Every structure is written in structure tokens, then in C-alpha cells.
Amino acid sequence: MPLQLYNSLSRRVEPFQPVDPKRVAVYACGPTVYNHVHIGNWSLFTVADVLVRWLRESGYTVVYVQNITDVEDKIIRDSRAAGEDLATFTSRWAGAFLEGMEDLDNRRQVDHFPRATDHVDGMVTMIQTLLDRGHAYLAEDGSIYYRVSSFEHYGELANIKREDLRAGASGRIKADEYDKEDIGDFALWKGWVEEDGDVVWEPEFTIEGTARVVKGRPGWHIECSVMSSEILGPRIDIHLGGEDLLFPHHQNEIAQSEAAFGVHPWVTTWMHHKHLLVDGTKMSKSKGNFHTLKDLEDRYGKGIASAFRYLIASGHYRNSLDFSFNGLEAADRTLRNLRTAREQLAEQAGDAAPSEYAAAYEARFVEAMNDDLNSPEAFGALHELRRAARGDAAHDKLSAADAASALALIDKADRVFGLALQREERALTPEQQALVDARAQARADKQWAESDRLRDVLAAEGVLVQDTPDGQDVSFA
Ligand SMILES: [Zn+2]
């Protein structure tokens, strides 16, 4: 079966057909950089990464773009609160984001990380096109809005009618305090207000034949339309985002792009990732179940990133995955077992050419991934293979060629899911072990200062020591 994907636009699973079979254009809405990214967003970026890995593994040439939103309401608010200019503030958080991408091994697949502030000229040009075609207008409040009533396909993605927008508009739309013609209209260019401080551009627009400088900054939706098209062109094969972005963000991206580029559909396949739950409920700061990747790394060391990837991929991207620390630890144990199994198979395989031993498992793996990225089923095939190979090895029935065949499928899964299966398990040096033991003794003797000093010495060498009710837990940064 060739690749099939669930398309949020048609609300069906469809055969995947790129516009240009030689080049698949993929865009994922990236982070707004004003803090550490939470694990719900990391989950989406990991799903997008697995999709791109699978496309590449299947032989497609992919251009994959993930934007960085570096001008937006929350950024302006928090950079001002921090007393920093926009560029200093956002480059710090963009740096933290890229580091997380690196830790999760999500970074290598991305070809471009455009930043919104580098594309403001393009945004101005696109807004001018929308003004010229009657899709946009300048309101009394100094903002330029998109005229939703001018776009006949508005609401198709979100499955809502324009009339319903007006009648039952969500709080998010109502909350907007600008002077619009229609409640569903959204800002393309936000007129400058005092809270924006020095975050301001002063482009000249031609509005109804008159040149006018409109002080302000781009709206969030136009950023994605411009950053994607300037790199990928006017058609996109797959656009990904969290389910919370479907409306209004993605619906608005469509309205802008289709009206400006004269294409329909602008995006062939829309993929939306279901929200990650934490301990059975929605993640929120007030509930105390809000976690960032950094929280996980501080607790377990950087190696935990591959366990997080495994945990995400062990669920289907269209089902809510329930994150818990127990689940993460179980994923880490499974990965360790898989790593050991891989090592044993590699040893047994030697230089042998692979037999057909794993062929049926591989067929299942491929079939599952082609079935709307059914990663739980793909892992099912992988674990069955591992058990079969272990059983056959115990009965001396696994030849070197069979081991090579099983190894090849495990390595394919490693490429597709990014599980770092070939990472060397690190062990403490005898000197480090002596420091860990000395620290245990210091704690037993209640010499807290000495115990803290030893923890810092170890941390400087990349060995993280945590105190648990069962004693010290050691991991590697
Ligand atoms: Zn976006």
C-alpha cells in the first residue's frame, strides 16, 4: 500500500500525492519564542520529524520548513517585562528552542528555520496584494484587516460556515478589541499601540490609490503564509500543526494564501496532532502538570530525549497521548532493551548478508507506517521480531544471516523514529564512581556542604546526581 494520510481538510484518509513528485514541500508551524517550549509542542515537532523521516526513508525528496515566530503579542509583553529589546530576547529563546531540537534529534531533518522578522518585507508585499484585490482594508484603528466575506472558501478547513462565525463567535474572536467590519475579520497588520514600544515597522501601503505609511507590525497568521511561500513556493504538500491551530490560525493562513496566490487548495494535506495530556488532563501551569523538555532533562539527563521520542511514537498522532513520568521511564527501559537486543544481533550477524528472516515483519512495519503513520502498529511488528529472534537464538536456530536481517529492520526503525539505538551506553569511570560513593557517605554523615560540592564536581563532568527516596540516581547530561 502506498502512503496514505488523514487530511483534516477532507476529513478522510487519502492517498498521498505530491504536486511535484520529485519534491515534497512540508511546512510545520514552529514555536513562538518567549519561553521554554512545553512538551505538547515538542510532541508535535517530533511527529513532524517522524513524518519527514518516513517520507525520506520511502525515497521522496523533501524540503522541510519550520518557522520561528519572533514577533507576536506575548513576545512583546514578556520582552518588555524583561527590559530587553526584541532581538536580544527572542534570540535567547530561539537558541533554547534549537538546542531542544538538537537534543531530540529533530533538527537534522529541517532544511530551513525562517524567522518572521526576516520576512517583514514579504509580508508587506502580500498584504498589498490582498489590499489591491479587495481582500483587505485599513480600519479606523490603524490596523489592516482581512475581509473574510471576500473569500468564498472561508471555513472549509474548520468545517464552519461564515454565518456561524458571526452568530457563535468564539471568545477568542470576540476578545479582539479592534474596529473591524466583521467579527471574523482578522488583523494582517496590527497598527502600532503604546504597548508595542519600539517594536514597529513603517512600511508604505497604497490604499485606494493613496500612498500611506501604516506604523505597526505583522499579524501572526500572515507570518506563516509568507515564510512558507517564500521558501516552498505557492503550493504546499503537507502542512502540520497542533489541533489548537486548526482554527483560526490555519483557516486564516488558507484565506490569505489562496486569495494572494490564486491557488486552491494552497495546501493539499493538512495534518493535525492531537493534544498531549499529562496525567490524564490538559497540561496547564495552574495544575502544576506543565512540563518542558528542560524539566525532563534536568530530572533524567539529556539521554531522556530519545525515550520521549519513543513515548510519543508509541501512540498514534491522532489520538491523545497521556504523558506521565512512569510512562517515560517505561519507554526508557524499552529503549535500553532494544539497544541491548540490537547489540547482540550485530554481534551475531558479523559481516553476513541478510536473509529473508525479517521480511514479513518489515512488510508489516512499512504497511503500518504507510497507513497514516500507524507507529504503534509498526513498533508492534518490531517487538515481535525482537522476541522471535531472541527465541530462535536461544534454540540455536538464528543464523548470522537471520540476525543481519533482523538487525536491518531494527536499524530502519531507528532511522525513522530517531531512537539513538547505536548510542553507546555511558558508564561511570572508576574516579567518578568514587566521587558518587563519597557523596553517598557525605549524605549519610549529614555533611550537606560536602555533598553539594561533590554534586557540582560531578555535574561539571556531565554526571547528574539526583537524590531519591531510594538513594542517589545517576544519569548523564
Ligand atoms: Zn502557522
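**Close-up views of a predicted model**

**View 1. The pairing of strands β7 and β10.** Strand β7, which covers residues 186-191, runs antiparallel to β10, and the two are joined over three bridges. Within this pairing, Lys190 has Arg217 of β10 as its bridge partner. The coordinates shown here and in the views that follow belong to a predicted model.

**View 2. Strand β3 and its buried residues.** Strand β3 spans residues 24-28, and because five of its five residues are buried, the strand is largely enclosed by the rest of the structure. Val24, Val26 and Ala28 point one way from β3, whereas Ala25 and Tyr27 point the other way, and residues of both groups are buried.

**View 3. The parallel neighbours of β3.** Strand β3 pairs in the parallel sense with β4 (residues 62-66) over five bridges, and in this pairing Val26 stands opposite Tyr64 of β4.

**View 4. Domain 2 and domain 3.** The domain assignment divides the chain into domain 1 (4-273), domain 2 (281-417) and domain 3 (430-476). The C-alpha centres of domain 2 and domain 3 are 32 Å apart, and four residues of domain 2 are in contact with four residues of domain 3. On the side of domain 2 that touches domain 3, the residues are by class one nonpolar, two polar and one charged.

**View 5. The chain as the setting for the close-ups.** The secondary structure of the chain comprises 16 helices and 17 strands, and the C-alpha trace spans about 80 × 60 × 35 Å along its principal axes. Of the 477 residues in the chain, 42% are buried. Among contacts with a separation of 6 or more, 75% are between residues 24 or more positions apart.

Conventions: Residues are numbered from 1 along each chain as its sequence is written. This is a predicted model: local features need pLDDT of at least 70, side-chain atom pairs count only at pLDDT 80 or more; totals for chains, interfaces and linings use all residues. A residue is buried if 20 or more other C-beta atoms lie within 10 Å of its own, exposed if 12 or fewer, and partly exposed in between; C-beta atoms are placed from the backbone. Helices (H or I, at least four residues) and strands (E, at least two) are DSSP runs, numbered from the N terminus. Two strands pair if DSSP finds at least two bridges between them. Domain bounds come from an automatic or database domain assignment. Two residues are in contact if their C-beta atoms, placed from the backbone, lie within 7 Å. Ala, Val, Leu, Ile, Met, Phe, Trp, Tyr, Cys and Pro count as nonpolar, Asp, Glu, Lys and Arg as charged, and the others, Gly among them, as polar.
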